[in-house]
Protein chains: 2
Amino acid sequence: MRDFSGDHRWLSINTATLRGAGTLDRIVEACARHGIRAISPWRDQVHAIGLERTAALVREHGLALSGYCRGGMFPAMDVAGRAAALDDNRRAVDEAKSLDAACLVLVVGGLPGALAGTPKSKDLFAARRDVRDGIAATLEYARSVAMPLAIEPLHPMYAADRACVNTIEQALDLCEALDPLPAVGAGAPSPALAGLGVAVDVYHVWWDPKLEAQIARAGRARLHAFHVCDWLVPTKDLLNDRGMMGDGVIEIARIRAWLEAAGFGGYSEVEIFSSENWWKRPADEVVATCIERHRSAV
Amino acid sequence: MRDFSGDHRWLSINTATLRGAGTLDRIVEACARHGIRAISPWRDQVHAIGLERTAALVREHGLALSGYCRGGMFPAMDVAGRAAALDDNRRAVDEAKSLDAACLVLVVGGLPGALAGTPKSKDLFAARRDVRDGIAATLEYARSVAMPLAIEPLHPMYAADRACVNTIEQALDLCEALDPLPAVGAGAPSPALAGLGVAVDVYHVWWDPKLEAQIARAGRARLHAFHVCDWLVPTKDLLNDRGMMGDGVIEIARIRAWLEAAGFGGYSEVEIFSSENWWKRPADEVVATCIERHRSAV
């Protein structure tokens, strides 16, 4: 297991963590001031300053993209809605490619209408069919431009409105069905990153009794991203009360050890939704704290 | 599948649903006014009016107890804490027995201290060991008085503070490890209720992609209780914003069909924690609504 205590080479900042800091250029500059080597930007933040400006900033500061957030949101009530989702996902793949992101993260979507507060269906099976079909179609396009897709299982409390893929086991079942890996013979080189894999966010999966086994099952080829934050006790809001690493109850290093035992050697990407705490603090304080906690609690 | 549309014979009221109505005697009287045949009382409500008074009320109104809430909360930081939990669980078994409850529901507990807001450990593995050992010891005692125990897997959002058993699969793994069923030969009678089984609450498990398969795995012998309410979109509070059946997105009848296909023929127990809505309404309105929704949405 890599030693993170001495530096922050393997720390990536998901730009949602700095939502309080303003536009993406200011967020990138804050990261650069602290020697951050990688970020994972959100599409709305990219669109707000433009893709070309974002690409220029990323080049200027020599940043890697540990991921691009996000594609997905596949379920819809009709053919037109599903087609619109596929179009949007192709654009997301293109944007990820033009920014040279390591993967496009997929938050797959839940019941149609639920994210806007008015669910139009209760059929979780239909939603999961749309997700499977949507990933299959997006994967075909993503393959053509060599952009890996990372299914992010979300915490079950988001099953209705954000993602009806809620465990790594479920995500890996989808990966194996849609993108079976070639068998690797004894002595053969390890497989490269698969076209379809998973993003493991400790916030979403820490509770899972099968977590260690499913991370091992994923293996290096399917482990596309590792996101960290913490589960606060008490948690006051279902979406925006996520904690800084070390402030909650997740044994983050234990989970990281499982990923590394499975061959993962990428970034630990800090993604904290925190409307009442971290988003209200100065960007430099947030980044400095991420660095400190990356060394002590990740 | 039983037809619930014509009457409410199979409706049970979990008394937490009527927390706004005052003491347990008033709750029981409200249920009796509406021809409710079964309840599932909480220990704090029973203790407030006394066990003997509760038993007299139950007898007077000819009520069945679809369960007794609740035992569990096993994890602790030291031997004394674990021993105190076992003592308390033995008392809960005795109370359930003296009220002739169908089962004692177990909410197994999470990280020590977390329920009070100050977790003293992050070790989910240790908590799960305490849970296993605590259930094993309680089962031995419960067997001696023939009181079935029902492990209630709670939604993963309660893994830290309320229950570190979060899926039916995990609960059934515990059941099989601690209370293996005798093999039933072809043509032999179905097994009776096992000493150790599960309480399936749709609120906690509706999102689970393995739900149908695990209900089938449980079978009649392990299906000790069925709890209903609904998942609201949006959900504004992690604990106390549960919905009336039909007001949310859970396909309750679909899940009930899976239980009945597995042999379950007991009560549908309405358990709604709703501090800002149902707990503020008159008991008669709440019970009447439970009856109406039992017929139309369960």
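A:M73 counts as buried, because 23 C-beta neighbours sit inside 10 Å and the cut-off for buried is 20 or more. Its backbone is worth a look too: phi of A:M73 is near 50°, a positive value in a residue other than glycine. Keep in mind that this is a predicted model. The rest of this briefing picks up another positive phi, in B:A146, and then two cis peptide bonds in chain B, one from B:C69 to B:R70 and one joining B:V233 and B:P234.

- In chain A, look for A:M73 in the loop that runs between β4 (68–72) and α4 (79–98).
- Over in chain B, B:A146 has phi near 60°, again positive in a residue that isn't glycine.
- B:A146 belongs to the loop between α5 (124–144) and β6 (149–151) of chain B.
- Is B:A146 buried or exposed? B:A146 is exposed, since 9 other C-beta atoms lie within 10 Å and 12 or fewer is the cut-off for that label.

**Cis peptide bonds**

- Going from B:C69 to B:R70, the peptide bond is cis, and omega is near 0°.
- B:R70 is part of a strand, namely β4 (residues 68–72) of chain B.
- Which residue does B:V233 join through a cis peptide bond? That partner is B:P234, and omega for the bond is about -5°.
- B:P234 is in a loop of chain B, between β8 (223–228) and α9 (252–261).

Notes. Residues are numbered from 1 along each chain as its sequence is written. Chains are lettered from A and ligands numbered from 1 in the order in which they are written. This is a predicted model: local features need pLDDT of at least 70, side-chain atom pairs count only at pLDDT 80 or more; totals for chains, interfaces and linings use all residues. Helices (H or I, at least four residues) and strands (E, at least two) are DSSP runs, numbered from the N terminus.
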